[in-house]
Structures are given as structure tokens and as C-alpha cells.
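This report goes through one model, from single residues to the sheet. Please look at the sequence and the structure first.

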Amino acid sequence: ASQFSLRLEYQQVDPDDGVGESDLTGALVQWDYRVGERVSAYARAGAKQTSIQGPGITPRSPRLEVQDTTPLLAAGVQWNFLKSELLIDYQRSVDANTTGFVVDRDDLRVFYNY
């Protein structure tokens with residue numbers, strides 16, 4: 001059995017120090033597939049646009065604005081055994097931290113629960 005889903009995201013980070021602001025807008029499509037009774041897989045693709053606004057170089061300069069679009073990808077497989085499970089996946093994500101800076105992450109994850 002397979003299933004598709006669509007996720008739209010919006011994130012705005014405006015730190016208290018007033019130095020900079022980040023807006024992130026994205027769309028992701030995910031495909032979940034049950035390979036067998038104990039094995040499932042997923043794949044995700046999309047993009048996120050980042051807009052960062054900050055102070056100019058001098059107090060009188062105009063505010064700086066930078067925009068970038070990042071492709072987002074993820075894929076993984078999960079095995080469910082009698083008393084344990086194993087998940088292996090890769091994902092690329094983009095988020096803003098609390099200071100307004102944008103963080104790109106590439107993660108290869110392996111989880112084993114017993």
C-alpha cells in the first residue's frame with residue numbers, strides 16, 4: 001500500500017535583539033510505501049525559500065536582504081522485527097534558529113530500538 005501527502009510550511013523568526021529577521025516558506029511531497037508486513041519506506045522531495053533581512057553595513061545604509069531556495073530531500077527504510085525496529089534514513093532540512101540565522105542540515109540517521 002502506498003500513500004502521498006503534501007505539506008506546506010511557513011516559519012518566521014524575529015529575534016528580540018531586532019538585528020535580523022528570517023522568513024522560510026516551503027512545500028514538500030512525501031510518498032510512504034509499505035513494502036511488506038514488516039518493512040516500510042518513504043521518500044520526500046520539496047524546496048524551501050529563505051529570506052533573511054538584516055541591518056546594513058552602517059547605521060545609515062539600507063537593510064540587507066538575501067534570498068535563497070534550497071532543495072529538500074529525504075528517504076528512509078524501517079524494519080519492524082519481533083521485539084525491535086531499525087530505521088535508516090537520510091534527510092536534508094533547512095530551519096532558522098533563534099538568532100534568525102538559517103541552518104542547513106544533512107543528516108544520515110540510524111535508529112535501533114530493542
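Is Asp95 buried, partly exposed or exposed? Asp95 is partly exposed, with a relative accessible area of 29%; buried means under 20% relative accessible area, exposed over 50%, and partly exposed in between, with a 1.4 Å probe and protein chains only.

## Basis of the report

The model is predicted: local features need pLDDT of at least 70, side-chain atom pairs count only at pLDDT 80 or more, and totals for chains, interfaces and linings use all residues. Residues are numbered from 1 along each chain as its sequence is written, and side-chain values use heavy atoms, with hydrogens and water left out.

## The sheet

Six strands form an open sheet: the 6 strands follow the order β1-β2-β3-β4-β5-β6, with antiparallel pairing. Strands (E, at least two residues) and helices (H or I, at least four) are DSSP runs, numbered from the N terminus. Two strands pair if DSSP finds at least two bridges between them. In general, strands of a sheet pair through backbone hydrogen bonds, either parallel or antiparallel.

The edges are taken by β1 (2-13) and β6, each of which has a single partner strand, so one side of each is left without a neighbour in the sheet. On average, neighbouring strands of this sheet are turned by 10° against each other, direction ignored. The axes behind that angle are lines fitted to C-alpha atoms, for helices over the stretch in contact, and angles run from 0 to 180 degrees between N-to-C directions. The antiparallel pairing of β1 and β2 runs over 12 bridges. Ser2 has Tyr33 as its bridge partner in β2.

## Salt bridges

How many salt bridges does the rule give? The count comes to 5, where a salt bridge is a side-chain nitrogen of Lys or Arg within 4 Å of a carboxyl oxygen of Asp or Glu. One of them joins Asp106 and Arg92, with the closest N and O atoms 3.5 Å apart. Asp106 lies in strand β6 (residues 102-113) and Arg92 in strand β5, so this pair ties together parts that are 14 residues apart in sequence. Asp106 is partly exposed at 45% relative accessibility, and Arg92 is partly exposed at 27%. Through shared partners, salt bridges join Arg7, Glu9, Lys48 and Asp95 into one network.

Asp95 is in strand β5 (residues 85-96) and Lys48 in strand β3, so the pair ties together parts 47 residues apart in sequence. Lys48 counts as buried, at 5% relative accessibility.

Asp23 belongs to strand β2 (residues 21-34) and is buried, with a relative accessible area of 17%. Its side chain makes a polar contact with the side chain of Gln12 at 3.3 Å. A polar contact is a pair of N or O atoms within 3.5 Å; within protein, one must be able to donate a hydrogen and the other to accept it, and residues adjacent in sequence count only if both atoms are side-chain atoms. Leaving aside neighbours within four places in sequence, Asp23 is in contact (heavy atoms within 4.5 Å) with residues including Gln12, Gln49 and Thr50.

Thr50 is in strand β3 and counts as buried at 5% relative accessibility. Beyond residues up to four places away in sequence, Thr50 touches Asp23, Leu24, Val66, Gln67, Asp68, Val94 and Val102. Ala45 is also found in strand β3 (residues 39-54), and is partly exposed at 39%. With the same exclusion, Ala45 touches Ala27, Leu28, Val29, Leu72 and Leu73. Ala45 and Leu73 are 28 residues apart in sequence but 4.7 Å apart in space, C-alpha to C-alpha.

## Aromatic rings

The count of aromatic pairs comes to 2. One of them is Trp31 with Tyr33, which is stacked: 5.3 Å centre to centre, with 25° between the planes. Rings of Phe, Tyr and Trp (its six-membered ring) pair if their centres lie within 6.5 Å; planes under 30 degrees apart count as stacked, over 60 as edge-to-face and the rest as tilted. Trp31 is partly exposed at 34% relative accessible area, and Tyr33 is partly exposed at 35%. Phe4, Trp31 and Tyr33 form one aromatic cluster.
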